[in-house]
Amino acid sequence: MQNDQTLVIRPHIEEYLSHSQSGFRPERSTSDVAWTHKWLAAKAKKEDVEIKITGIDMSAAFDTIDRQILLDIIERIVEEDELRIIRFLLSDTVINTRINGATKERPFVSNIGTPQGDSLSPVLFSVYLENALKEVRTILPRPTNELEKTLPTEIAYADDVDFVGLNFVDTEEVQNTLHKYNLLVNIDKTEFTTLSRAGTEYKNTKKVGTLIGDEEDVERRKRLSNAALTKLLNVWIKGDKIKRKTKLKLYRSLVKSILVYNCGTWALTKSEEEKLNAFHRKQLRKVLNIKYPVKITNSSLYNKSEEHPLSIYILENRTDSNGENCRRESEKLPKRPRRMTETRKALSQVKCPENLISLMPSFMASDAGRQQGTRLKLMALGRRALTQSQGQPRPSEVNNRKHNSVDETVQEHPRGNAGVQVGTKMWPSS
């Protein structure tokens with residue numbers, strides 16, 4: 001249900017969030033953050049200027065949210081029905097403590113933070129942080145020249161925020177502003193990075209798990225993937241006891257994923273790509289347990305492991321990342337999906353129970369009506385409309401909802417597809 005509610009409120013959230021936030025958003029990832037930092041490094045080298053990056057990180061960000069402030073912000077963004085569900089999510093939350101393996105018998109009520117583990121909490125945190133950053137932007141110095149106007153003012157991924165400019169920002173002012181929203185800046189994790197043509201220290205600076213320098217990042221990825229490969233050494237040497245297909249699945253999910261993390265942001269020379277391909281083939285030989293004196297050609301190795309040269313994989317990821325960046329308009333968010341717009345348009349036509357009942361069959365068969373979140377919302381409206389039209393009291397007015405609400409059952413559609421029956425009405429499910 002929480003996933004469905006996230007789909008419903010997503011268009012409103014996308015309109016509210018700044019383009020600088022890449023966390024917990026569709027078609028966004030850590031690659032956007034890593035690529036932006038590498039672009040800034042290239043910009044500093046090309047223009048021969050020093051670009052200052054002030055990186056801050058919040059301590060226990062999800063656990064310090066002021067719920068009343070959050071609800072006041074959400075109330076200005078979403079509709080009333082959606083606000084009720086969010087209020088329900090944030091109400092009556094309790095916490096159990098465990099000390100030395102023993103759980104405390106009496107849990108205590110929590111009135112701050114968002115419950116972690118559901119799909120709505122990251123979205124709510126992004127909205128909360130965005131409202132705080134709007135106030136932070138008012139105290140930041142304005143761009144002083146044309147070059148600074150071309151630079152992004154901030155880069156954010158969840159609670160990791162980097163402020164960009166030709167000078168470092170006053171972290172004490174930022175900290176005081178965020179403290180109004182009960183957000184605590186972790187001073188120990190605050191980073192000050194200088195990008196320049198002459199300097200090389202920034203290349204070892206890590207942003208969202210990726211080093212700004214390409215060569216440095218590739219070498220680090222090799223070390224990390226080799227460490228993961230060695231941990232599974234017993235799996236690779238067991239021969240016929242484990243199927244080859246299973247070994248390759250383990251390699252792709254546990255080793256290769258580490259090696260190619262954010263590889264779409266790499267700009268490698270031909271010789272560097274060949275070295276990376278050789279490193280990849282060496283790992284594949286270990287996975288398939290091919291040792292000297294057994295010899296195998298590169299093409300046979302790729303066929304046996306159902307793999308391709310790593311340089312091709314990197315090129316595909318780089319092409320995908322560049323395509324997404326080019327399709328995204330400058331300083332704007334991705335356009336809202338059309339079917340969500342159609343959903344809102346159709347829901348706006350629902351003004352009375354009779355209108356809903358007449359509209360529902362055609363809408364449920366449309367592309368917008370096939371979305372699970374929209375279907376659940378319409379089912380709830382349909383049950384309410386049929387209850388009112390039949391002169392029955394609302395479920396909230398009855399002591400026992402289970403026995404008095406209109407039953408919702410799934411029956412076989414005449415054409416062979418599953419259909420959903422609400423009261424006496426029948427609509428196809430897809």
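Tutor: Buried means under 20% relative accessible area, exposed over 50%, and partly exposed in between (1.4 Å probe, protein chains only). Helices (H or I, at least four residues) and strands (E, at least two) are DSSP runs, numbered from the N terminus. This is a predicted model: local features need pLDDT of at least 70, side-chain atom pairs 80 or more, and totals for chains, interfaces and linings use all residues. Residues are numbered from 1 along each chain as its sequence is written, and side-chain values use heavy atoms, leaving out hydrogens and water.

Student: Which exposed residues does the face of α7 turned away from its buried side carry?
Tutor: Start with the other side. Helix α7 spans residues 171-179, and its buried residues are Val 174, Thr 177 and Leu 178. Down the axis, these fall within an arc of 95 degrees (directions from the axis to the C-beta atoms), so they line one face of α7. The face turned away carries Glu 172 and His 179.

Student: Is Lys 43 buried or exposed?
Tutor: Lys 43 sits in helix α2, residues 30-47. Leaving aside residues up to four places away in sequence, Lys 43 touches Ile 51, Leu 147, Thr 150 and Leu 151. Its relative accessible area is 19%, so Lys 43 counts as buried.

Student: How many salt bridges does the structure hold?
Tutor: Each one is a side-chain nitrogen of Lys or Arg within 4 Å of a carboxyl oxygen of Asp or Glu. Arg 84 and Glu 80 form one of them. The structure holds 19.

Student: How far apart are the closest N and O atoms of Arg 84 and Glu 80?
Tutor: Both residues lie in helix α4, four residues apart, about one turn of the helix. Arg 84 is partly exposed at 46% relative accessible area, and Glu 80 is exposed at 54%. Their closest N and O atoms are apart by 2.7 Å.

Student: Which residue does Glu 307 meet in a salt bridge?
Tutor: Glu 307 is buried, with a relative accessible area of 6%. The pair links distant parts of the chain, 55 residues apart: Glu 307 is in the loop between α12 (298-305) and α13 (310-327), and its partner is in helix α10 (residues 244-259). The N to O distance is 2.8 Å. The partner is partly exposed at 30%, and its name is Arg 252.

Definitions and conventions. Contact = heavy atoms within 4.5 Å.
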